[in-house]
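Subject: Structure for you to look over

Hi,

Here is the structure I promised, with notes below. Please open it before reading on.

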Amino acid sequence: MKVLVINGPNMNLLGKREPEVYGYETLDDLEKAVLKEAETLGIEASFFQSNLEGEIIDVIQSAQDKHVDAIIINPGAFTHYSLAIRDAIKGTGVKTIEVHMSNVHTREEFRSKSVIAPVCIGQISGFGFNSYLAALYVLKT
């Protein structure tokens, strides 16, 4: 199984950005944790991060051509308003799980609204890096 992990805006600042919310570990640390767990599950994981909506859309659209079986996406702030990312996910038909490190439902009210979740098989939030690891287990079943 091939899984593409997409991280959206500001995820490149992990370890620096709001450590009281996101912790002190970096995006590189996250990718290493996902790779380690994916290996134990027999999953091939690849990664992409961008602060640009159009680049994320291009990568989602290319997932079928690259024979990606599933996507784990943390759209960052695009969660709340990117109908274009939503349409890309829906348009490819690639099984997708939305993840968030923080519990978006206990933060500011606007964070609890996702335009992405309705076109995903599920949303996992509030478990830090474990949100991504849980998504791997869901995809493996």
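One definition before the notes: buried means under 20% relative accessible area, exposed over 50%, and partly exposed in between (1.4 Å probe, protein chains only). This is a predicted model, so local features need pLDDT of at least 70 and side-chain atom pairs count only at pLDDT 80 or more, while totals for chains, interfaces and linings use all residues. Residues are numbered from 1 along each chain as its sequence is written, and side-chain values use heavy atoms, with hydrogens and water left out.

Overall fold

The protein chain holds five helices and five strands. Both are DSSP runs numbered from the N terminus: helices are H or I with at least four residues, strands are E with at least two. The order from the N terminus is β-α-α-β-α-β-α-β-β-α. The radius of gyration is 14 Å, close to the 14 Å that the globule rule gives for 141 residues, so the chain is as compact as a globular protein of that length. That radius is taken over C-alpha atoms, and the rule is 2.2 Å times the number of residues to the power 0.38. Along its principal axes the C-alpha trace spans about 40 × 35 × 25 Å.

Of the 141 residues, 48% are buried. Contact here means heavy atoms within 4.5 Å. Among contacts with a separation of 6 or more, 75% join residues 24 or more positions apart.

Surface and charge

The protein chain exposes about 7,000 Å², and carbon and sulfur atoms supply 52% of that. Areas come from the Shrake-Rupley method with a 1.4 Å probe; for residues, only the protein chains shown count as cover. There are 13 positive and 18 negative side chains, and the centres of the two sets lie 3 Å apart. Lys and Arg count as positive, Asp and Glu as negative; His and the chain ends are not counted. Each charge is placed at NZ of Lys, CZ of Arg, CG of Asp or CD of Glu.

Helix α5 (residues 129-140) has 12 residues. From first C-alpha to last it reaches 17 Å, close to the 16 Å expected at 1.5 Å a residue. The expected span is 1.5 Å times one less than the number of residues. Buried in α5 are Phe129, Ser131, Tyr132, Leu133, Ala135, Leu136 and Leu139. The buried residues of α5 pack against β1 (2-7), α2 (27-41), β3 (70-74), β4 (95-100) and β5 (122-125).

In α3, the buried residues are Ile56, Ile57, Val59, Ile60 and Ser62. Their cover includes β1, β2 (44-49), β3 and α4 (83-92). Gly54 also sits in α3 (residues 53-62). Gly54 is partly exposed, with a relative accessible area of 41%. Its C-alpha is separated by 25 Å from that of Val34, 20 residues apart along the chain.

Single residues

Is Ser125 buried or exposed? At 14% relative accessibility, Ser125 counts as buried. Ser125 lies in strand β5. Leaving out residues up to four places away in sequence, Ser125 touches His100, Ser102, Asn103, Val104, His105 and Ser131.

Two non-glycine residues have positive phi. Asn10 has phi near 75° and is found in the loop between β1 and α1 (19-22). At 34% relative accessibility, Asn10 is partly exposed. His67 has phi near 55° and is placed in the loop between α3 and β3. At 60% relative accessibility, His67 is exposed.

Best wishes
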